[in-house]
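Here is a short briefing to read alongside your model.

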Amino acid sequence: MSEEFPGLVLAFASKETLEGFLVRRWSQWSREAVARDGRFVVALSGGRTPATFFERLGAEGTGLPWDRTHIFLADERLVPPDDPASNLGMIRERLLHRVPVPPANVHPVPLAGTPATSAEAYEGVLRGFFELGPGELPRFDLVLLGIGADGHTASLFPGDPGLEETKRLTVGVRRTAPDHDRVSLTLPVIDHTRAVVFMVTGAEKSPAVRAVVAGPAGALPASRVRPEGGQAYILLDSAAASRLAGWPEPPPGQVRADLL
Ligand code: 6PG
């Protein structure tokens, strides 16, 4: 497994330029996927970072194939849909209320008792939608991920057994208050994606970003993401990129997108 992040590390002068880049990429990928497969299937993260991106996408994403777009969650907190902690609740408020995605194309994580039983129910949703046979993995067109200051991504936290899951598509994750129990996609699913995009902003994330970009591989949960055959991006604002060697001139082989 290569030590360094296997994809493109793009550092932007501001979160706004980062979001503009990602809106353009979403537009391109959605049109390509619909032309290729008749649908665009994404798994989205929650948290604070993507909220304004979803608003921007909702405002600028006119004319995109929303009627062929399917929305899944990369992870979800096990709270009622109207709870402020709900990832899908935030995505509905910031994006889905602005674009014409058919309700049947939005696939919530079922609230089905314990984290484990909810994860099993979500796995059933994935197996049915992707028509998976035994041992097969779903192939999302895009998985949008964040990185926590501790290096977690989706709801795969340092030391959590879910990080080691190699067979199941989803895992239940027990958390302690004030956090919430969660369900997360597993690494094999994330790695089977056509395009994995990490979106990371803020100086408090810069140590985790440096570890994920520079390696060693596997140092943190986010470092374990190694898409096979797909594209991988880490999109950063200057604060999150501030501990990368050579910032503001990124290391050789990596590109400062605001210079593009
Ligand atoms: C969640 C997210 C989680 C998030 C990171 C970063 O459910 O909390 O999916 O993985 O991406 O914690 O969160 P912020 O964007 O709020 O910093």
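Helices (H or I, at least four residues) and strands (E, at least two) are DSSP runs, numbered from the N terminus. Axes are lines fitted to C-alpha atoms, for helices over the stretch in contact, and angles run from 0 to 180 degrees between N-to-C directions. This is a predicted model: local features need pLDDT of at least 70, side-chain atom pairs count only at pLDDT 80 or more, and totals for chains, interfaces and linings use all residues. Residues are numbered from 1 along each chain as its sequence is written, and side-chain values use heavy atoms, with hydrogens and water left out.

**Helix packing**
- Helix α2 (residues 51-60) packs with helix α3 (residues 87-96) at an angle of about 35°, and their axes are 7 Å apart.
- The contact (heavy atoms within 4.5 Å) involves Ala-51, Thr-52, Phe-54, Glu-55, Leu-57 and Gly-58 from α2, together with Met-90, Ile-91, Arg-94 and Leu-95 from α3.

**Ligand surroundings**
- There are 14 residues around the ligand, and Thr-49, Asp-75, His-152, Ala-154 and Lys-205 come nearest; a residue is near a molecule or strand if one of its heavy atoms lies within 4 Å of it.
- Thr-49 also has a polar side-chain atom 2.6 Å from an oxygen atom of the ligand.
- For Arg-77, an N or O atom in the side chain is 2.7 Å from a ligand oxygen atom.
- Asn-87 places a polar side-chain atom 2.9 Å from an oxygen atom of the ligand.
- A polar contact here is a pair of N or O atoms within 3.5 Å; within protein, one must be able to donate a hydrogen and the other to accept it, and residues adjacent in sequence count only if both atoms are side-chain atoms.
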